[in-house]
Amino acid sequence: MNRSPAAPSSAATSASRGVLFAALSYTLWGLFPLYFKQIAQVPSLEVVAHRTLWCLVFLLGVLTVLKRWAWLGQVLRQPKVLAAFLLSALLLSVNWLTYVWAVQNDHVLDASLGYFINPLVNVALGFAVLHERPRPLQWLAVALAAAGVLWLTLQTGRLPWVALVLAASFGVYGLLRKIASLGALEGLTLETLLLAPLAAAAMAWWTWQGQSALSHGAEAPTTLLWLLFAGPLTAAPLLLFAAGARRIPMATLGLLQYISPSIQFMLGVWLYHEPFAATRLVGFGLIWAALAIYSIEGLLRSRQAPAARV
């Protein structure tokens, strides 16, 4: 008799923690421009190499503490799994490189646009690859987002390629991880493990040529410390996200994901003073309207589902 009230309380506590973990992860992702601006003097490709290597070191430490190594031997004997994760690792590196370049070259607003578009790219990929059937309002959201991208293209005379590469690479990456056999921690470890030889070889070459941050570490120790910090900074939000995603519904997670590009947008406009003409606001407005329709439709759908089961 005394146990029944405890169950809802426990579930509510778990959900509250899930919201907190997910919100923290998206907040950290949103603040990433502050970090990459600190190392703007380091070429973006070298930043990605450092990020790969130090993230791997951090993850190996976490796995050692947790004693979670059983999966690795099994995966190494499965060529198809390794091939799938090699593809996801390459997509992740493209996403990282594009994002770092965008921040270092004053395209934070374009980067935020990419992550605003990303949920709608997921809808399109679900339709094209997983044969999911988007609902009418979801199609309307995709159409509005496409109109926003077309408007921005016509106004600037070029495709917003940074936003499109970020949205497409992370969308396909998310699709691959959705059907993957490993969890967030193990999956990211395997991806960085596969990329590490290339990153280490590039780092060794740049250092031998005297062109890397490592070769100038004595002259700029602060920069080197910032680069070492890339490991935990990359892994921490992912681990928080994984912890949050297990505890809350997808509809809630879908709404929280806009925290990250919203923070990036505010940083681009108010801290870095990137140009944002009124004509550009129309394109962003169409995409924001698409996201509003997409989010409201998903929220209403999630509320109707329990009633339908009753």
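A salt bridge is a side-chain nitrogen of Lys or Arg within 4 Å of a carboxyl oxygen of Asp or Glu. This is a predicted model, in which local features need pLDDT of at least 70 and side-chain atom pairs count only at pLDDT 80 or more, while totals for chains, interfaces and linings use all residues. Residues are numbered from 1 along each chain as its sequence is written, and side-chain values use heavy atoms, with hydrogens and water left out.

**View 1. Asp106 pairs with Lys37 in a salt bridge.** The closest N and O atoms are 2.8 Å apart. The partners are 69 residues apart: Asp106 sits in the loop between H5 and H6, and Lys37 in helix H2 (residues 32-38). Helices are DSSP runs (H or I, at least four residues), numbered from the N terminus. Asp106 is partly exposed at 48% relative accessibility. Lys37, at 22%, is partly exposed too. Here buried means under 20% relative accessible area, exposed over 50%, and partly exposed in between (1.4 Å probe, protein chains only). Asp106 also has a positive phi of about 65°, although it is not a glycine. Most residues other than glycine have a negative phi.

**View 2. Arg68 meets Glu186 in a salt bridge.** Their closest N and O atoms are 2.5 Å apart. The pair links distant parts of the chain, 118 residues apart: the loop between H3 and H4 holds Arg68, and helix H9 (residues 184-208) holds Glu186. Arg68 is partly exposed, at 35% relative accessibility. Glu186 is buried, at 11%. Lys67 lies in the loop between helix H3 (44-66) and helix H4 (70-76). Its phi is positive, near 55°. Lys67 is exposed, with a relative accessible area of 71%.

**View 3. Asp110 and Arg280 form a buried salt bridge.** The N to O distance is 2.3 Å. Asp110 belongs to helix H6 and Arg280 to helix H14 (residues 278-309), 170 residues apart. Both residues are buried. The structure holds 4 salt bridges.

**View 4. Helix H7 has its buried residues along one face.** H7 covers residues 136-156, 21 residues in all. The expected span is 1.5 Å times one less than the number of residues. Among the buried residues are Gln138, Ala141, Val142 and Leu152. Pro136 and Leu154 are exposed on the face turned away from the buried side. Gly157 follows H7, with a positive phi near 80°.

**View 5. Ser44 is a buried residue of helix H3.** Its relative accessibility is 13%. Ser44 touches Leu97, Val100, Trp101 and Gln104, not counting residues up to four places away in sequence. Contact means heavy atoms within 4.5 Å.

**View 6. Helix H13 spans residues 259-271.** Its 13 residues reach 17 Å from first C-alpha to last, close to the 18 Å expected. Its buried residues include Ile263, Phe265 and Leu267. Leu271, also in H13, is partly exposed at 43%. Just after the helix, His273 takes a positive phi of about 55°.

Notes:
Helices (H or I, at least four residues) and strands (E, at least two) are DSSP runs, numbered from the N terminus. The arc is that of the directions from the helix axis to the C-beta atoms.
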